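Please open the model in your viewer and keep a selection panel at hand.

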2 protein chains.
Amino acid sequence: MTLHWTSAATDGAARAGTLHTAHGEVPTPVFMPVGTAGTVKAMTADAVRSTGAQMVLGNTYHLMLRPGAERVARLGGLHRMMDWSGPILTDSGGFQVMSLSGLRKMDEQGVTFQSHIDGSKHRLTPERSIEIQNLLDADVTMCLDECTPFPATEEQAAVSMRLSMRWAARCRDAFVARDGYGLFGIVQGSVYPDLRAESVAALTGIGFEGYAIGGLAVGEGQEMMFAVLDTTLPHLPTDRARYLMGVGTPSDLVGAVRRGIDMFDCVMPTRSGRTGRAYTRHGILNMRNARHADDGGPIDPDCACPACARHSRAYIQHLFKAGEMLGPMLLTWHNIRYYQDLMAELRGAILAGTFDETAARIEAGWQKDPAA
Amino acid sequence: MTLHWTSAATDGAARAGTLHTAHGEVPTPVFMPVGTAGTVKAMTADAVRSTGAQMVLGNTYHLMLRPGAERVARLGGLHRMMDWSGPILTDSGGFQVMSLSGLRKMDEQGVTFQSHIDGSKHRLTPERSIEIQNLLDADVTMCLDECTPFPATEEQAAVSMRLSMRWAARCRDAFVARDGYGLFGIVQGSVYPDLRAESVAALTGIGFEGYAIGGLAVGEGQEMMFAVLDTTLPHLPTDRARYLMGVGTPSDLVGAVRRGIDMFDCVMPTRSGRTGRAYTRHGILNMRNARHADDGGPIDPDCACPACARHSRAYIQHLFKAGEMLGPMLLTWHNIRYYQDLMAELRGAILAGTFDETAARIEAGWQKDPAA
């Protein structure tokens, strides 16, 4: 059977379920830590597992350039290379081509670009993106799309979205169905409800194992992002997984789960972990702040990660001040653990039918210790 | 009872034994990973434990400057701060004052120096060094000595050594005896046998829980280092631990254990791990070398560390090329594990009375895969 999602419970629009993949079952809502170049930065695979994470994301753009998709395949695929036996979702490469690479040239067939690493020239088409993700052995393959810039006029957004829809059909044709593997389409259309609806219609007409919402978290703000979800999600089939790409803050996650999103990925907890920002049940802490220098208490007393269970805020602050690698290692670990705990708590609340109370309590907690 | 060492077996001059400390018993010969600023760089305390390491080293110079000895004491001591429940040895700070700090002024009473971090002025005396190490809660405290530069004339070495001996007496007076804690004297005298013998006589006249050989691994070469050990060690009491400071390569360790050294520390396995050098049973590998790019085999097939048990040489090479933190993390882990395995193997051989055969087999193995 192909990769699929089954519902376990709903609470309002919020959904709890299970994603069934070739590499195991994943309870949803799920947050996928980002393993850009075949590693969740600053964490061993064991550490990632210990947070409760069951699925991670890999970046096609980075992996195609280094170490190369064919090489990953020769090494037994991405799971084996990075010691991750659970499911993996790979993006299509389109977003990073736009955000990272040098000279680009788009045409109907695909995009030609220069590597940000060595300036070498590469070509990505819908067919090649699917082939690369197959070589990486991704459980969830994403369609190649054009990332519509923000802001965009309705005319620009329509042209861009329709190209992505034509590419989605080519991706569907190129994808080889296998048990437990699946292909997700990506809804585009910027902030325009009619375009989003048109995009959903195009994608559901083709048919995918799951549907992603793309083109958000690009500067439109949380309010507009939620508004797009409010108008878009009702058009999607209820029996397929819904994935909000590149999102977000803990507050974004709570609001998007409330609206019916099942899957998330974001570099925020890992990137913040490397720069000293801690996400906690009590708000955001800047661990470089001198106020922590003599604080013998943990980052978050309710967290069971090694940074909180075994170390003081003072020690974490010391590690960052001294430029010790263990600072980013421990704080990334903490942040990923916090994101996993948050998703588990939201899932439990949906199953218990207490989503609103739980979300309100979580959100109230964040006010206690605002960013320092 | 004070910290002490007991013998389990000898094989030629090589010794197997146990160091009894306030934080547990340590089989010797032992290699102590270096936790300079309260962290073995790029490793969690759990990872360090998993290598078999039972004792680590902390640097007084780094810790007194940042986060500060009094602060470490307020946080419950170095063990608690860094989550290391086993024994800790701290150096005296003298070596780093010479190698790292800015303007220095030595006098009979101590040394005044500038912090390499912020240029602030500090003073280290034998009494203050002992006080700092007490604040850090070191199981083994080291006497403050002057690191005799290499090369030094016999006259220079004598003047320097005799100052260190006067300081050793002051350290002994300043040290407060507690159950399971101990103070080690440091033999100086450069490469001059008579000075080394004079230094041993001075120290044994004072009496210490263990004796370190200082002033080696400073550029004199392995042959001369071994020659100094050959002439110095016979003067030392057989019932006290012997610690060769700042040494060394796997080859150095085998040769020094053969001559009767019990304890070692060195930044080599950790520093090399961060720069891509792997120590293995088959020699040294440069993991950045392109020849590993498609090698699906482990760094060392006989090693049980996560880098070897779960990952390929190709993946490690990829991580270093991509600048991913996981490269240094995994390779440091491997190198420390290799050093621990090496020491355990040497200890087993001493207990079995097969040191020479074992050492010969180990040394032959290193020829298979010389540095690339």
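Select Gly86(A) and show what surrounds it: leaving out residues up to four places away in sequence, Gly86(A) touches His23(A), Gly24(A), Gln54(A) and Met55(A). Contact here means that two C-beta atoms, placed from the backbone, lie within 7 Å. Gly86(A) sits in the loop between α4 (78–82) and β6 (88–90) of chain A; helices (H or I, at least four residues) and strands (E, at least two) are DSSP runs, numbered from the N terminus.

Is Gly86(A) exposed, partly exposed or buried? Gly86(A) has 19 other C-beta atoms within 10 Å, so it counts as partly exposed. A residue is buried with 20 or more other C-beta atoms within 10 Å of its own, exposed with 12 or fewer, and partly exposed in between.

A note on the model: it is predicted, local features need pLDDT of at least 70, side-chain atom pairs count only at pLDDT 80 or more, and totals for chains, interfaces and linings use all residues. Residues are numbered from 1 along each chain as its sequence is written, while chains are lettered from A and ligands numbered from 1 in the order in which they are written.

Next, show the open sheet of three strands in chain A, with order β7-β8-β9 and antiparallel pairing. Strands pair if DSSP finds at least two bridges between them. β7 (104–106) and β9 (121–124) of chain A each have a single partner strand and stand at the edges, so one side of each lacks a neighbour in the sheet. From one strand to the next the twist averages 15°, from axes that are lines fitted to C-alpha atoms, with angles from 0 to 180 degrees between N-to-C directions. Strand β8 (residues 111–114) of chain A is joined to β9(A) by four bridges. Pick Phe113(A) to find its bridge partner in β9(A), His122(A).

Move on to helix α6 (residues 126–136) of chain A, where the buried residues include Pro126(A), Ser129(A), Ile130(A) and Leu136(A). Just after α6(A), Asp137(A) has a positive phi of about 75°.

Now colour chain A by domain: domain 1 covers 4–266 and domain 2 covers 273–365, with bounds from an automatic or database domain assignment. Their contact takes 25 residues from domain 1 of chain A and 24 residues from domain 2 of chain A. On the domain 1 side, α10(A) gives the most, with five residues.

Select both chains: 32 residues of chain B are in contact with 31 residues of chain A. On the chain B side, α13(B) gives the most, with five residues.

The last stop is the largest nonpolar core, which has 239 residues. Such a core is a set of buried Ala, Val, Leu, Ile, Met, Phe, Trp, Tyr and Cys residues joined through C-beta atoms within 7 Å. Helix α14 (residues 326–352) of chain B gives the most to this core, with 13 residues. Which residues have the most contacts inside the core? They are Phe184(A) and Phe184(B). Centre on Phe184(B): beyond its neighbours within four places in sequence, its contacts include Val140(B), Met142(B), Phe208(B) and Tyr243(B).
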